[in-house]
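This report describes selected features of one structure, beginning with the surroundings of its ligand. Please read it alongside the sequence and the coordinates shown here.

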Amino acid sequence: MCGIVGYVGKRDCADVLLDGLSRLEYRGYDSAGIAVFENDEIKVAKSKGRLADLAEKMRREGKPQGCAGIGHTRWATHGEPSDRNSHPHSGSRVTLVHNGIIENYKRLKDFLLSVGRTFASDTDTEVVAQLIDYYYEENHGNPVDAIVKAMKELEGSYALGVIFADFPDMVYALRKESPLIVGIGEDESFIASDVTAILQYTRNYYLLEPGEIAVLTRRGAKVYDLHYQQIEKELKTADWDVSAAEKGGYPHFMIKEIHEQPTAVKTTITPRITDGMPDLSECGITPEKLAAFRRIHVVACGTAMHAGMVGKYVIEKLAKVEVNVDIASEFRYREPLVGEGDLVIIISQSGETADSLAALRLAKELGAKTLAIVNAKGSSIAREADMLIYTHAGPEIAVASTKAYMVQIAVMYLFAFELALAKGAIDEAECRRLTALLQETPAQIEAILEQKDHAAQIANTLITADSLLYIGRGLDYALSMEGSLKLKEISYIHSESYAAGELKHGTISLITENMPVIAVATQQKLFDKTISNIKEVKARGAKVVLVSRDSYVPEKDVADFKFGLPDFEDLLMPMLAVVPLQLIAYYTAVLKGTDVDKPRNLAKSVTVE
Ligand code: AGP
């Protein structure tokens, strides 16, 4: 959701900005722009649409030439996607790019209008540019002072890259809530919404904290607090290399990331297993702490919430601890019954999802302990939680989450095993057995990926559908939710997931030959019941795709297509069964010709509520 890149160095700045922005495309955007110092003057180029539209415009009208500047991809909030609403926005001496939302922009705009300022866009961002500009004029040209004064007035979330016409070859950066890093190269420095944007130039970076202001020059970057005192920052090194953020021969990031799942699971679980037993002690989780929790709440959004649904079934079954799963945007506003003795688990790939972050803060206020399961290192959720388990999926670029979900559920399993042991609900031998099975899942996933052509054939039968149902029971239902989300977000085919036993209570009236049903039936205890539900929809004309075990050979009246899975422990089947659901969604989208990695209207990292 909005991407920021800034550069000061010796390279062609416009090229660096465009390249960096292209690596942030996955965040979602609908317009783009850059501002570059050309012969000590700020030149702006911006355009509605994709980066290719901006590049084309610059080919026609001239590309700003210079070695310092800022760039932005905008995901519209205030004002439609258009050239005039695209960033950068300017006051008379100040030009900036912004990620986030200024909540009090109306009041600030009224003030600025009252002192004679005029506006050229409908955005909240232009208000920030004018406000900094106002203070800059008032203090006769001190950039940091102007920024600090404006920061004190701004409410909401922001990451800002700012340039001042009077200070060529310098870039200023600051943030509150929205992420921003400062990259340090040799004779060059960068700002970026995340490290993937600059990996091909440097892996060294500072994490900018709220209330810090970075001043970038060719010689590096200095970071100051609000009193203009320099802060010594720890230089971090990204452990991802540039290839992790490239397609590596795959046509889309999504299919690359689906294939990365076996490795991602191994990398995530291996350091958390000692002598065959789960060991989350490096994450601040001990058996004593676990034994004390009386109730668990999993709070997250979208796919991450679906991982929480799998976690609920697994934890309740194994550890006999009550688990509530909440959508973060609901949790934060419904006065949840959470308090001391409760553990609130926040799951997030990006670690920056605004609602999940707010839910984390609320849980802490209410006296609960918090555990974050996060993929993005150093993100806000990772930093604010009491305990932290990083998933090691590497960068996930496709908007549709696949490998992040896989490692989130892998972590939920490890957590459930250790919790169940700590609670005395399973013995050591059972814990060891389950852990060993979890370690087998990467090889099982590899084998399933070899059947991807079969998933593509199934997808081919779905592309004409307007609407689909996903059904399952128990863990298969939890999984159906994820399968359904995956399909709709990238193929634009409407779909819903339903608990198979709930169909008869209304939804079965939708079933016709035009409503395919994807039925997930892997749980042996519930198997016959799910098959009965499948027969009910089949009898009403639905085309049925069955995702089930190889060992089950369907009768004639059960399924039109089957995707078979190896026989494996019931409890761990979601790790395997999600793969065909991801592949079916992927190939359906490819066959429909949608923008698979960057589906319309979606942003990878939802940093506004
Ligand atoms: C799923 O494919 C989506 N990208 C979306 O549902 C995502 O899982 C959700 O926005 C939560 O994001 P997070 O994991 O970064 O918090």
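Predicted model: local features only at pLDDT ≥ 70, side-chain atom pairs only at ≥ 80, totals over all residues.

Residues are numbered from 1 along each chain as its sequence is written, and side-chain values use heavy atoms, with hydrogens and water left out.

| Residue | Atom on the residue | Distance to a ligand oxygen |
|---|---|---|
| Serine 348 | side-chain N or O | 2.6 Å |
| Glutamine 349 | polar backbone atom | 2.6 Å |
| Serine 401 | polar backbone atom | 2.8 Å |

Helices (H or I, at least four residues) and strands (E, at least two) are DSSP runs numbered from the N terminus. Helix 13 comprises residues 403–422 and spans 29 Å between its first and last C-alpha, close to the 28 Å expected at 1.5 Å a residue; the expected span is 1.5 Å times one less than the number of residues. Of its 20 residues, 18 are buried, that is, under 20% relative accessible area, as against exposed at over 50% and partly exposed in between (1.4 Å probe, protein chains only). Glycine 424, with a positive phi near 75°, follows helix 13.

An open sheet contains eight strands in the order 3-2-4-1-10-9-11-15, paired antiparallel; two strands pair if DSSP finds at least two bridges between them. Its edges are strand 3 (41–48) and strand 15 (236–237), each of which pairs on one side only. Strand 3 is joined to the antiparallel strand 2 (residues 31–38) by eight bridges, and isoleucine 42 in strand 3 is the bridge partner of phenylalanine 37.

Lysine 543 lies in the loop between helix 17 (527–539) and strand 26 (544–549). Its relative accessible area is 24%, so lysine 543 is classed as partly exposed. The side chain of lysine 543 reaches the backbone oxygen of threonine 461 at 2.6 Å. These two residues are 82 apart along the chain, and their C-alpha atoms are separated by 9.3 Å.

Definitions and conventions
Polar contact = N/O pair within 3.5 Å; in protein donor to acceptor, adjacent residues only side chain to side chain.
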